[in-house]
Amino acid sequence: GGEKKRMEILQLALLGPKLAVLDETDSGLDIDALNTVAAGVNTVAADSDMGVLIITHYQRILHMVIPQFVHIMFEGRIVKEGGPELVEQLEQRGYGWIREEVEAAV
């Protein structure tokens, strides 16, 4: 599985854009395909000055492609920012506390 996603990573390596936007790249991948895709992203990013924006609902890929920055969007705007530690918080607490913080700030 994941042939299309693997081909997208190959295109990414060949085209060498300044910014890669990977929208739910982890969606529908089994663990082997996810490992392959993550390794490809890491290799391409390490060998260039390309920026990578990963849009995901799941933390699984973020254990393999370690983010420098994490931004959480709620109702169309960024409401929380942090580093890789924010991924750990989300795994432990879910997203409910983000909603509570946003509603309390209004």
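Biologist: What makes Trp97, Ile98 and Val102 of helix 4 "buried"?

Modeller: Buried means under 20% relative accessible area, exposed over 50%, partly exposed in between (1.4 Å probe, protein chains only). Trp97, Ile98 and Val102 are the buried residues of helix 4. Helices (H or I, at least four residues) and strands (E, at least two) are DSSP runs, numbered from the N terminus. This is a predicted model: local features need pLDDT of at least 70, side-chain atom pairs count only at pLDDT 80 or more, and totals for chains, interfaces and linings use all residues. Residues are numbered from 1 along each chain as its sequence is written, and side-chain values use heavy atoms, with hydrogens and water left out.

Biologist: What do the buried residues of helix 4 pack against?

Modeller: Strand 3, strand 4 (77-82) and helix 3. Contact means heavy atoms within 4.5 Å. Ile98 touches Ile72, Val79, Lys80 and Leu90, not counting residues up to four places away in sequence.

Biologist: Which residues touch the most other members of the largest nonpolar core?

Modeller: Leu12, Val41 and Ile98, out of 24 residues. Helix 2 gives the largest share of this core, six residues. A nonpolar core is a set of buried Ala, Val, Leu, Ile, Met, Phe, Trp, Tyr and Cys residues joined through side-chain atoms within 4.5 Å.
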